[in-house]
Amino acid sequence: MRNLITDVAGVKVGSAHDPKLASGVTALIFDAPATASLAVSGGAPGLRDASLLEADMTVQRIDALVLSGGSAFGLDAMGGVQSALRERGRGFEVAGQLVPIVPGAILFDLANGGDKNFWSEPAYWRLGKQAAQEALNSAALDFRLGSFGAGHGATLADLKGGLGSASALTEDGFRVGALVAVNAVGQATMGATPYFWAAPYERDGEFGRLGWPAALPEGALTLKMKGAAPKNTNIAIVATDAALTKAQARRMAVMAQDGLARALRPVHAAMDGDTVFAAATGRARGEGEGEVDAIALTRIGAVAADCLARAVARAVYEAEPLPFSGALPSWREKFGR
């Protein structure tokens with residue numbers, strides 16, 4: 001186990017970012033089309049092809065999921081991923097044409113100090129294709145966390161955000177993983193201290209082994225936020241190798257949203273676009289062997305929430321500050337290792 005979402009069989013991840021733009025894209029590519037759904041809890045989401053993931057829609061499986069910076073401009077990234085997949089002969093066949101099915105979500109990072117003068121070219125389409133190609137061309141299942149891909153330009157209220165991931169096994173032996181770009185309206189830590197809200201879920205010192213303090217620090221429950229503008233969003237993917245229906249994947253996504261609530265304060269606000277996709281590759285069982293039962297599904301959802309909480313903390317712990325005047329510090333820059 002790498003403690004990454006790529007521990008789920010049938011999943012690969014690639015990232016691309018532009019340091020001048022201070023933004024990027026992360027693409028999760030399935031080796032074979034996967035079942036997926038989503039849950040949206042933020043009040044200002046930015047999504048592409050999200051309606052396809054509803055249980056009654058015709059398309060039952062998807063080829064990839066995308067997390068992108070760039071606010072609404074980042075929706076171009078899904079087209080770049082589609083291009084890379086079509087070149088590989090992937091896609092839903094309609095009238096002899098292949099249409100890769102690539103839903104995705106975006107976060108707002110247009111105010112982080114980067115040069116946003118990219119209007120004359122589809123910057124996010126380019127970054128999306130680069131991220132997909134990295135995933136498709138690499139035999140390795142490892143990928144970088146922190147200030148990479150969709151997390152490159154992400155921020156919190158007081159610290160640099162980033163890209164995080166974590167994985168675990170359920171009691172039934174299913175693999176579950178989470179991938180998140182943390183761009184929160186609030187904090188991942190307690191007040192002005194280095195303690196992560198997600199500390200009870202930490203495994204093997206993955207974000208510093210600090211645990212929780214003996215008592216809540218003064219001011220820990222005082223909300224610190226970026227402001228009222230919708231310039232936030234935590235966008236995430238949870239995945240399992242179990243064979244799930246769309247309805248079951250939806251329940252997994254709903255349960256996984258609790259991971260954001262365990263790791264961030266506040267969350268799911270009116271100015272957030274918090275979105276969690278859930279995907280099932282079915283690689284733990286043969287095709288057509290049926291659904292997991294309600295107990296196994298509940299365990300998958302609970303572990304997905306734990307993984308997502310851990311992934312949020314890892315994103316912040318691994319991040320590096322942007323090289324611009326006035327940029328927010330990283331956790332390590334502010335608190336040391």
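The model is predicted: local features need pLDDT of at least 70, side-chain atom pairs count only at pLDDT 80 or more, and totals for chains, interfaces and linings use all residues. Residues are numbered from 1 along each chain as its sequence is written, and side-chain values use heavy atoms, with hydrogens and water left out.

**Exercise 1. Find the strand that holds Thr-26, and decide whether Thr-26 is buried or exposed.**

Step 1. Locate the residue. Thr-26 sits in strand β2, residues 23-40. Strands (E, at least two residues) and helices (H or I, at least four) are DSSP runs, numbered from the N terminus.

Step 2. Check the accessibility. Buried means under 20% relative accessible area, exposed over 50%, and partly exposed in between (1.4 Å probe, protein chains only). Thr-26 has 1%, so Thr-26 is buried.

Step 3. List the surroundings. Contact means heavy atoms within 4.5 Å. Leaving aside neighbours within four places in sequence, Thr-26 is in contact with residues including Val-13, Leu-65, Phe-148 and Leu-179. Ser-15 is also one of its contacts.

Step 4. Look at the side chains. Those of Thr-26 and Ser-15 are joined by a polar contact of 2.8 Å. Such a contact is a pair of N or O atoms within 3.5 Å; within protein, one must be able to donate a hydrogen and the other to accept it, and residues adjacent in sequence count only if both atoms are side-chain atoms.

**Exercise 2. Work out which strands pair with β2, and in which sense.**

Step 1. Recall the rule. Two strands pair if DSSP finds at least two bridges between them.

Step 2. Take β1 (residues 11-18). Eight bridges join β1 to β2, and the two run antiparallel. Val-11 has Phe-30 of β2 as its bridge partner. The two strands form a hairpin with four residues between them. In the turn, Ala-22 has a positive phi of about 60°.

Step 3. Take β4. Six bridges link β2 and β4 in the antiparallel sense. Ile-29 has Ala-64 of β4 as its bridge partner.

Step 4. Take β11 (residues 275-280). Six bridges join β2 to β11, again antiparallel. Val-40 stands opposite Thr-275.

Step 5. In β2, 14 of the 18 residues are buried.

**Exercise 3. Classify the packing of α1 and α2.**

Step 1. Read the geometry. Helix α1 (residues 76-87) packs on helix α2 (residues 123-137) at about 40°, with axes 6 Å apart. Axes are lines fitted to C-alpha atoms, for helices over the stretch in contact, and angles run from 0 to 180 degrees between N-to-C directions.

Step 2. Name the arrangement. Therefore α1 is oblique to α2. Angles under 35 degrees count as roughly parallel, over 145 as roughly antiparallel, 65 to 115 as roughly perpendicular, and the rest as oblique.

Step 3. Pick out the contact. Among the residues that make it are Gly-79, Gly-80 and Ser-83 of α1, and Tyr-124, Gly-128 and Ala-132 of α2.
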